[in-house]
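Me: I am new to reading structures. Please take me through this one by question and answer.

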Amino acid sequence: MHKSNLDEAADLSLKVVSLSRPSSFSGKIEDVHGKHKEFSAHVRIIAASHFLPFSIAVSEETPTEPFQWKVSRRSGHTAMYAGIRSLSDNPNADCTHVGWIGNYKDLKGEEHSCDDLSHESRTNICKELEKHDAVPVFVDEATANGHYEGYSKQILWPLLHYMSWSDSNPMKSAWWDCYNQVSKTFATAISAIYKDGDIVWIHDYHLLLLPEMFRALNPKATIGLFLHSPFPSSELFRSLPNRKEILYGMLGSTSIGFQTYSYARHFLSSCTRVLGLESTPTGIDNMGNMVAIGVFPIGIDARQVQERRSLPAVQTKMKNLREMFANKRIIIGRDRLDEVAGIKQKLEAFEKFLEMYPEWQNNVVLIQVTQPGQTRQPKLEAKISELVTSINSNYGSLEFMPVMYHHTFLNTDEYMALLNIADLCLITVIRDGMNTGSLEYVVCQQDKHSPLLLSEFTGTAGSVSGAIQINPWDYQGVAQAIDTALRMGPDEKKVRYKEMYRHVMNHDAQYWASTVIQDLRATVLAGQSSSVTPKLDMALFVKGFKASKRRMIMLDYDGTLTPITNIPAQALPPAEMLEALRALCADPRNFVSVISGRDRAFLELHLGDIEGLALSGEHGSFIRYPGGEWINLLAEMDMSWKDEVLSIFEFYTERTVGATIEAKETSITWHFRNADPEYGEFQAKECMNHLENSVVSKRPVEILVGKKCLEVRPISVNKGEIVKRLMGAKPKQWDFVVCAGDDKTDEDMFRSLRTIKRSVAGNTSGEEGLNAVSTSVGMGTNWSSMSMRLPPYYFTITVGPPDKRSAAAWHVSSSHDVVEALMLLAASNNNAE
């Protein structure tokens, strides 16, 4: 990687360390937008969301097909659309938006599916939307309905908002099929316009399978996923029948963004508990591929809100509202009619407020506006109507009603007017992604500085520090907070408002979008600067084998010849692997050995009958040459430390459900693969500290951290020493060497062979060979991948992804690939004969 790219990666990393901006904001919206950084290099971005931010209608010029079209802005999701749209304003970025176009409107304003449109009419839609940097995705009506109205709204949305999917409508298998199909359609549509180097940015829960599907078509793509909704705790998420498919779909991303850290933490926990993957606070190890996790609170289009609130039409409505509610304190609320919106809790708390503080009766009005929610909820609607009637009956009169309840889509001018004149905004949602309405309220309160009562369960709660946080379930607490807010003095109002206003203006939708893209590019550049292990060159592998006369083949067992299993005893050798080993061992030119962490009893049972196979157990503590007996290489070593280690492992086993102890002759292993993932990791760290203080500091032993296990072994034992022993005093006798492994213990073998290869190349290859090796050393960790192309052939192979940190020269993806490679060698061996 060039130095300029490395410098760019470092610069980008510094830019995205913090989401905050300098606090010297002057208060002018133009200053805020001037602070949006331009991208340092040109970038093409493809944004994908379920709906395009446009709707289409038939043009009056074409009453019959083929139609021409009029394009207008779609309502809703204004923050997301504004952020995506702002990327095109960056001089170093081109942004194309891909999404479903939905239904179209005819000349009468009636909606119709696009299913029956002619090919020419659809082509005209594409041409018209191209003018707006948009690409439509066409989905048939039945599939679209099953995807959006079915799986997305009936299953995923309730679950993500802490409403168990079983409490919604019963799941239909067809919904899941539709959800899959829509993601496949999107993957195909995006691939049609994708070019190498593009960034694909996928949005929200409607397309959670898309990252994995798109990566299958474009393995090297840079893919960002942003979840606008909450993400529930793992205990709730694991109730979803398709939980694994959803998680793996998301993990196809390069980076995944969330609104808050708690949502990111829940996702990490789900990956650990459901998929058994290892994680850090900033990423998930998806079978060797690190998926970055970030927190990016979304903002609003502050400029648009600022301009809209100042329109003459809004000012006129403000005047009318002030006259209507003269001498009244106005509390406003605007929510979707969903359980999670907390409207019922808001009304209960407001009734409690009027009961506790009678002096506010006839002096305060709650204007509550609701619009249709994700699904129709007749019981909730009836309960809200009942509460409104109760409050107005008990505390109202013919002249005045304390609750003005409007269940309708509110005109934007009326909404802006309400935000401007309000004395208090009351938000009592019990679960929400971000709640951008609270941010719009802040922008509109530049004159009055009225306070904001904000539920602690909104995504905004952690960002808007000047708001008064409330627990919607604590009716008395909310009532007290309302009273406090209405009595708040102008100085405190101003201080609180200044904090809120600074945050909203500094973290608008434009800043959110540019920050996510900058972070994604930094993640990619950082990955490019790290070493990548090339995939095993099978042609060279077989060529070297055929051309050689003396071959050394050394193989790990678990994770290399067989897949890793939760129960070690179930990792049995597959028939094709045994067949390949027998074929290779039958050739006197081959010396084949299995070097494992398993005890000798296991190796003897499953591999001992293969004639000509050498075995080494317990990470090099024992060795059995072909036709010989087992040799204990540690026979003279003091093993009294085992009792101390065993007592410590027993202590933690008793306190960690699912943990087990594997006592071998020369080592002891503590397994926590079947324990609770998070608690198991915690206990492993505690156990490791205990061992280091009580045993390791006093005895000649070391702790080996493996895959979901801790192993204590003598310090002089490792697989690298066995490799040296097998290679012998004259390693140049071997003109073809293979060593394959998958975990940290196998790195000792790779390092030993790298050292041996250097010495052999230096002694036998002459000046040209030595220079080739020396030159390749300067190329990073995988210097040997070039020298391995020179005879004698040394193939060190790690099992895992290409970006896995390893001293090996080559990689394969799975144990199945290792077995296939061995079968190729065996087949070529037979053909040569």
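**Cores, helices and loops**

Me: Which residues is Phe-258 in contact with, leaving aside its neighbours within four places in sequence?

Reply: Contact means that heavy atoms lie within 4.5 Å. With the neighbours within four places in sequence left aside, the partners of Phe-258 are Phe-226, Leu-227, Phe-231, Met-250, Tyr-263, Ala-264, Phe-267, Ile-293, Gly-294, Val-295, Phe-296 and Pro-297.

Me: What kind of model is this, and from which number are the residues counted?

Reply: This is a predicted model, where local features need pLDDT of at least 70, side-chain atom pairs count only at pLDDT 80 or more, and totals for chains, interfaces and linings use all residues. Side-chain values use heavy atoms, with hydrogens and water left out, and residues are numbered along each chain, as its sequence is written, from 1.

Me: How many residues does the largest nonpolar core have?

Reply: A nonpolar core is a set of buried Ala, Val, Leu, Ile, Met, Phe, Trp, Tyr and Cys residues joined through side-chain atoms within 4.5 Å. Buried means under 20% relative accessible area, exposed over 50%, and partly exposed in between (1.4 Å probe, protein chains only). In the largest core, Phe-231, Ile-246, Phe-258 and Phe-267 have the most contacts inside it, and its residues number 81.

Me: Are H13 and H14 roughly parallel or roughly antiparallel to each other?

Reply: Helices (H or I, at least four residues) and strands (E, at least two) are DSSP runs numbered from the N terminus. Axes are lines fitted to C-alpha atoms, for helices over the stretch in contact, with angles from 0 to 180 degrees between N-to-C directions; those of H13 (residues 343-356) and H14 (residues 378-395) come within 10 Å and cross at roughly 15°. Angles under 35 degrees count as roughly parallel, over 145 as roughly antiparallel, 65 to 115 as roughly perpendicular, and the rest as oblique. H13 and H14 are therefore roughly parallel.

Me: At what angle do H6 and H7 pack?

Reply: Two packed helices are described by the distance between their axes and the angle between them. The axes of H6 (residues 173-193) and H7 (residues 210-217) are 9 Å apart. H6 is oblique to H7, as the angle is about 45°.

Me: What is the relative accessible area of Asn-327?

Reply: Asn-327 sits in the loop between helix H12 (312-324) and strand E14 (329-337). Its phi is positive, near 65°, though the residue is not glycine. Most residues other than glycine have a negative phi. Asn-327 is exposed, and its relative accessible area is 77%.

Me: What is the relative accessible area of Asn-362?

Reply: Asn-362 belongs to the loop between H13 and strand E15 (364-372). This residue, not a glycine, also has a positive phi, of about 70°. Asn-362 is partly exposed, at 39%.

Me: How many Å apart in space are Ala-422 and Tyr-441, C-alpha to C-alpha?

Reply: Ala-422, in the loop between helix H15 (412-421) and strand E17 (424-427), is buried, with a relative accessible area of 0%. Tyr-441 is one of its contacts, as are Ile-330 and Ile-332. In sequence, Ala-422 and Tyr-441 are 19 residues apart; in space, C-alpha to C-alpha, the distance is 8.9 Å.
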